[in-house]
Amino acid sequence: MTLDEFVETYNGKKIDFDGHYGAQCVDVFRQYCRDVLNIPHTGGVVGAAELYTKYDTMPLEQTYFARIPYKAGMLPKVGDVVIFGATKTNLYGHVAIVLDASTKEIAVFEQDGFKQDGAHVGSWNYARVLGFLRKREGAVNE
């Protein structure tokens, strides 16, 4: 499945990949890994931000993804996974799939676990971006 097909298939639908806690942003990430990137579940996290902050303790994630720190002015690639840090009102952070990017904002495919309204296309600025996960070349689930 391509990224465009993934968005078309799941847009407006609730994705609950693991069957726990309802439709969360991490569920979109897991479904994307399976359907588009053809890679396995890379390890459990308490919140989306840990996909970036606990990368060094996740051997499968290290196998399949390169962790790319965000630096002002850089542009992610389509298909990268963007990870946002926690806030006072969202202690878990956020994860989404990059659809397009400019120097001011990132168009993403995402899901809001608090709203439980299903996957959709959204837009974010870079204020809370921790960094990105990019699939390593040649990394596929054997």
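**View A. K54 and E50 joined by a salt bridge.** K54 forms a salt bridge with E50, and their closest N and O atoms lie 3.9 Å apart. The term salt bridge stands for a side-chain nitrogen of Lys or Arg within 4 Å of a carboxyl oxygen of Asp or Glu. This is a predicted model, in which local features need pLDDT of at least 70 and side-chain atom pairs count only at pLDDT 80 or more, while totals for chains, interfaces and linings use all residues. Residues are numbered from 1 along each chain as its sequence is written, and side-chain values use heavy atoms, with hydrogens and water left out. K54 is partly exposed at 40% relative accessibility, whereas E50 is buried at 17%. Here buried means under 20% relative accessible area, exposed means over 50%, and partly exposed is in between (1.4 Å probe, protein chains only).

**View B. The surroundings of E50.** Look for E50 in helix α3. Helices (H or I, at least four residues) and strands (E, at least two) are DSSP runs, numbered from the N terminus. Leaving aside residues up to four places away in sequence, E50 touches V45, Y55 and M58; contact means heavy atoms within 4.5 Å.

**View C. R134 and D80, a salt bridge between distant parts of the chain.** The side chains of R134 and D80 meet with N and O 2.7 Å apart. R134 sits in strand β6 (residues 129-135), while D80 belongs to the loop between β1 (65-69) and β2 (81-84), so the definition of strands as DSSP runs places the two 54 residues apart in distant parts of the chain. R134 is partly exposed at 22% relative accessibility, and D80 is buried at 3%.

**View D. R34 and D35 in a salt bridge.** These two side chains meet at 3.2 Å, N to O. R34 is partly exposed, with a relative accessible area of 49%, but D35 counts as buried at 17%. By the same rule, the salt bridges come to 4. Side chains of opposite charge can pair when their charged atoms come close.

View E. Strand β3 (residues 94-101) runs antiparallel to β2, and 4 bridges join them. Two strands pair if DSSP finds at least two bridges between them. Find D100 here, and its bridge partner in β4 is A107. Together β3 and β4 form a hairpin, with 4 residues between them.

**View F. The largest nonpolar core.** This core has 27 residues, and those with the most contacts inside it are F29, F65, V81, V95, F109 and L133. A nonpolar core is a set of buried Ala, Val, Leu, Ile, Met, Phe, Trp, Tyr and Cys residues joined through side-chain atoms within 4.5 Å. At least two residues of the core come from each of α1 (3-10), α2 (25-37), α3 (50-53), β2 and β3. The largest share, 7 residues, is supplied by α2.

**View G. F65 and its contacts.** Not counting residues up to four places away in sequence, F65 touches several residues, among them F29, C33, L37, V81 and L133. A second, separate core of 10 residues includes V82, I106, Y126 and F132.
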